[in-house]
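The tour starts with the whole chain and then moves to single side chains.

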Amino acid sequence: MVPGATELASGLHRWVTYYPGWGHDVASVAIEHEGGVVLVDPLAPAELREARAFWRALDAQARTAAAVDVVVTLHYHRRSSPDVAQRYDAPLWAPEGSVQRLRVPVNRPFVPGDALPAGLVALASGRDDEVVLWHPGSSALISGDVLLGGIRKPYRVCPPSWLPDGVGRAAVARALAPLLELPVELLVPLHGPPVTTGAGEALSAALAEARAA
């Protein structure tokens with residue numbers, strides 16, 4: 001697996017990379033499964049030495065994987081996805097609402113409810129260009145922008161400035177309410193730290209706070 005990755009559950013790895021274009025650290029996820037490996041919103045390091053180590057490790061992973069797939073949660077998380085997909089001749093999966101805005105060829109568009117590689121399921125997020133990913137194998141919920149990790153609040157709905165015009169936090173919380181029916185044990189936001197204990201309670205509190213705001 002890529003340097004610095006942490007295994008949060010069996011086969012589910014998370015790594016953090018500084019994103020110069022945004023000026024913050026962001027997370028990416030790799031999920032190993034019998035059919036290969038799925039990379040969610042992958043970002044390669046910008047620094048040359050770190051980038052070389054990253055690609056060497058990913059090359060080794062790809063050589064032993066039966067298949068490599070790249071999944072994007074929303075167009076803002078394009079990151080290194082086109083480079084990864086091209087390097088490994090991998091399918092690029094993206095929500096239908098983000099396909100045009102990605103501005104790269106997407107050969108696997110999908111909508112909420114669709115099944116993805118590694119058993120991932122795309123779920124509605126309250127905005128038409130983003131999905132939340134449910135991984136039943138690890139009882140993990142992977143979120144791009146709409147649900148964030150933090151320190152003061154371990155999990156929260158994103159601020160209004162992150163949402164499209166006409167979409168409010170309360171509407172997002174209502175759209176995400178079906179997530180409360182899932183047996184969530186692990187929250188893996190791609191902005192902010194994961195929640196590894198009390199995940200269900202943290203999710204419920206995040207949605208309740210957004211509905212009440």
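Helices (H or I, at least four residues) and strands (E, at least two) are DSSP runs, numbered from the N terminus. By that count, the chain has five helices and 13 strands. Keep in mind that this is a predicted model.

**Whole chain.** Show the C-alpha trace. The radius of gyration is 16 Å, close to the 17 Å that the globule rule gives for 213 residues, so the chain is as compact as a globular protein of that length. Along the principal axes, the C-alpha atoms fill a box of roughly 50 × 35 × 35 Å. Of the 213 residues, 52% are buried. Take the contacts between residues at least 6 apart in sequence: 54% of them join residues at least 24 apart.

**Strand β13.** Select residues 186–189. Which way do the side chains of β13 point? Leu186 and Val188 point one way, Leu187 and Pro189 the other, and all are buried. In a regular strand the side chains alternate between the two faces of the sheet. Across from Leu187 in β13 stands Leu141.

**Aromatic pairs.** The structure holds three of them. Select Trp22 and Trp162 to see an edge-to-face pair, 5.8 Å centre to centre with 80 degrees between the planes. Trp22 counts as partly exposed, at 38% relative accessibility. Trp162 is partly exposed too, with a relative accessible area of 25%.

Next, select Phe54 and Trp55. Their rings also form an edge-to-face pair, at 5.1 Å centre to centre and 85 degrees between the planes. Both Phe54 and Trp55 are buried.

**Last stop.** Select Arg108 and Trp93. The charged end of Arg108 sits over the ring of Trp93, 5.9 Å from the ring centre.

Definitions and conventions: Residues numbered from 1 in each chain as written. Predicted model: local features only at pLDDT ≥ 70, side-chain atom pairs only at ≥ 80, totals over all residues. Heavy atoms only, no water. Buried < 20%, exposed > 50% of the residue type's maximum accessible area, 1.4 Å probe, protein only. Pairing = 2+ DSSP bridges. Phe/Tyr/Trp six-rings, centres within 6.5 Å; stacked < 30°, edge-to-face > 60°. Lys NZ or Arg CZ within 6 Å of the ring centre and 35° of its normal. Rg over C-alpha atoms; globule rule 2.2 N^0.38 Å. Contact = heavy atoms within 4.5 Å.
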